[in-house]
Structure formats: structure tokens, C-alpha cells
Amino acid sequence: MDTFSSVTPVLAQAAFWITVGFTVSGAAIAVFPRNILYNVLGLALALSGIAGLYLFLGSFFIALMQLLIYVGAVCIAIVFAIMLSRPLHLETPKRAIPKVALGLAASAVFFVASASVALRTEWVPAVERSTDWSVETIGHMLLTRYELVFEVISLVLLVAIIGAIVTAGFSRRLSS
Amino acid sequence: MNSLNTYLIISAFLFSLGLLGVLQRRNLIGMLISVELMLNAANLNFMAFNRFLTPDPVVGQIIALFVMGLAAAEAAIGLSIILALFRKMHSINIERAQKLKG
């Protein structure tokens, strides 16, 4: 269950906080710089850090899926979109200070509210907790109790693929 | 390892960074990146609750998988819309996308 149980606690804590540092700095790089390519690289860093946090949360499978789907697929798709749409050569308008201040205020209010809710709530664990973290159980549940959701997700992905092809392809035909 | 609150505060921080990005960026791809960040923060919350509170630790992982699938679909659709918009407007600044404005 705990992937890092063999490591000494101090080292495990250090590794945890280094992972958190990677995640937070990657998120900051993903939001603040004006160059869009730095944003994508920061997003990849943050997503890899979140995969590390999933390891600390005890799920090797979800960490692998995170690396595969997000870092491997979504970031590369965003890089492709950047290369196809050439935003680097376009004008970068000046940031309007009031808008930035309002956005900062809104997200700060959200952060303070949710963090205080998380800190003030008395979280009660379930009385009887199963310790079955195996991938076999996940597969079994996906094909029994959550089978309908699983199929609907596949359908959504199929529709999204076809829709993406149609949207990108038809606009090319119209404009050229 | 660490307490539940650590993970909750990390994910709240990530979510508010993503919210800030959505509110202040005017580049459509930058906004999409911030939305991905917010989805990941929510996923981290699911996994933390799954680790510390739930009776059955499979359910949170399955929900995280579903969120990943939906995020992949959202990224594909969003990027193709951005490409179509770029071909029409020759810009991905959202303040240029105002053809319907009277």
C-alpha cells in the first residue's frame, strides 16, 4: 500500500516536499510566463509532480496513467496545436492591471475559502476500510459495477475524436 | 504519510493558480492549460480522500480514471476548436473572437 515504506521517514518526507515543490513551481510556470511554450513545459512538470503525489498516495496505477495520458498525450497535443497556430509570432497585448488584480483577488479568495474549509472540517475516516489496492480489483470493478460509466466514457472519447477531426478538417476546407 | 489536510491545501493552491490563469490569460491555449491544471487539482482531491477516508479505495481511483478520460476528450475538442478559430481569425486572442458582437 505504501510505496515508500522501505525508505526512512526523513528521506520520505524530503522526497514528498521536493515533489510538492516541483508541482507548485511547474504550476507557476504554467500560468505566469507570456511565452506559451514555457507554459506547456511547466504544465508537463506540474503533471509529473502530481503523478509523484499519486505515488505517495499509494496508487502506482493512477500515477502511470497520469504520466501516460497527461504528460504523454495531452501535453504533446497542446504542443502540436501551438506549432499549428503560430501564436509566438502574433502580438502579445499588454496586461491590463485592473483585470490582473481582480483575477488575483478572486483566486486568492477562493484559495482562502477552500483551505479554511479543509482545515476546519473534522474529517472522519470510514469505520471499516478495505486495503485492497490491486489493479485486478480496479479492472473487476470497471467491468462490473461501473460498466455503464466505462462504456459511456468510451462513447464520449469516440465522439470527441470524430468531432475534433470534423472541426479541424472542415474549417481547413472552408478557408482554403 | 502526510495528513489529508496537506494534500487538500496543495490541491486548493493548484486550483486557484488554474483559476487565476483562466481569469487573466487571453491566449486560448493558455486558458486550456489552466483548465487542465484545475482538473488535475480536483483529481488530486479525489485521490487524497480515497487514500484517507473512503471504505473502498478502488472507487476514488476509478473516478480519477474517468476524469482523465474526460480531460483527454476536452483537450482534443478544445484544441481543434482553437485551430478552427485560428484559421478564421488569424489570432488566438479571445478578445478578437467577437464576430457575433453587434
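This is a predicted model: local features need pLDDT of at least 70, side-chain atom pairs count only at pLDDT 80 or more; totals for chains, interfaces and linings use all residues.
**Entry: the form of chain B.** I looked up the extent of the C-alpha trace of chain B and found that it spans about 55 × 25 × 20 Å along its principal axes. The radius of gyration of chain B is 17 Å, whereas a compact globule of 102 residues would have one near 13 Å. I then checked burial, and 59% of the 102 residues of chain B count as buried. For the contacts in chain B between residues at least 6 apart in sequence, I recorded that 46% join residues at least 24 apart.

**Entry: chain A.** I turned to chain A, whose secondary structure comes to 6 helices and 0 strands, in the order α-α-α-α-α-α along the sequence. Of its 176 residues, 24% count as buried. Among the contacts in chain A with a separation of 6 or more, 52% are between residues 24 or more positions apart.

**Entry: where the chains touch.** I asked how many residues of chain A are in contact with chain B. The count is 75 residues of chain A, in contact with 64 residues of chain B. On the chain A side, at least two residues each come from α1 (9–31), α2 (36–56), α3 (60–85), α4 (97–120), α5 (135–143) and α6 (147–175). The helix that gives the most to this side is α6(A), with 13 residues.

**Entry: the nonpolar core.** I next looked up the largest nonpolar core, which has 67 residues, and in which A:L43, A:I78, B:I29 and B:L37 have the most contacts. Which helices supply at least two residues of this core? From chain A they are α1, α2, α3 and α6, and from chain B they are α1 (4–24), α2 (28–52) and α3 (57–89). The helix that gives the most to this core is α3(B), with 14 residues. I also checked the domains of chain A, and the core draws at least three residues from each of domain 1 (1–91) and domain 2 (134–176). As a general note, nonpolar side chains tend to be buried together in soluble globular proteins.

**Entry: helix α3(A).** I followed α3(A) from its first C-alpha to its last, and its 26 residues reach 36 Å, close to the 38 Å expected at 1.5 Å a residue. The buried residues in this helix include A:I62, A:Q66, A:Y70, A:V74 and A:I78, and A:I78 is also one of those with the most contacts inside the largest nonpolar core. I then looked for what covers the buried residues of α3(A), and found that the cover includes α2 of chain A together with α2 and α3 of chain B.

**Entry: A:I36.** Why does A:I36 count as buried? The threshold for a buried residue is 20 or more other C-beta atoms within 10 Å of its own, and A:I36 is buried because 22 other C-beta atoms lie within 10 Å. I also recorded the separation between the C-alpha atoms of A:I36 and A:V79, which is 9.3 Å, although these residues are 43 residues apart along the chain.

Methods:
Residues are numbered from 1 along each chain as its sequence is written. Chains are lettered from A and ligands numbered from 1 in the order in which they are written. Two residues are in contact if their C-beta atoms, placed from the backbone, lie within 7 Å. Helices (H or I, at least four residues) and strands (E, at least two) are DSSP runs, numbered from the N terminus. A residue is buried if 20 or more other C-beta atoms lie within 10 Å of its own, exposed if 12 or fewer, and partly exposed in between; C-beta atoms are placed from the backbone. A nonpolar core is a set of buried Ala, Val, Leu, Ile, Met, Phe, Trp, Tyr and Cys residues joined through C-beta atoms within 7 Å. Domain bounds come from an automatic or database domain assignment. The expected span of a helix is 1.5 Å times one less than its number of residues. The radius of gyration is taken over C-alpha atoms; the globule rule is 2.2 Å times the number of residues to the power 0.38.
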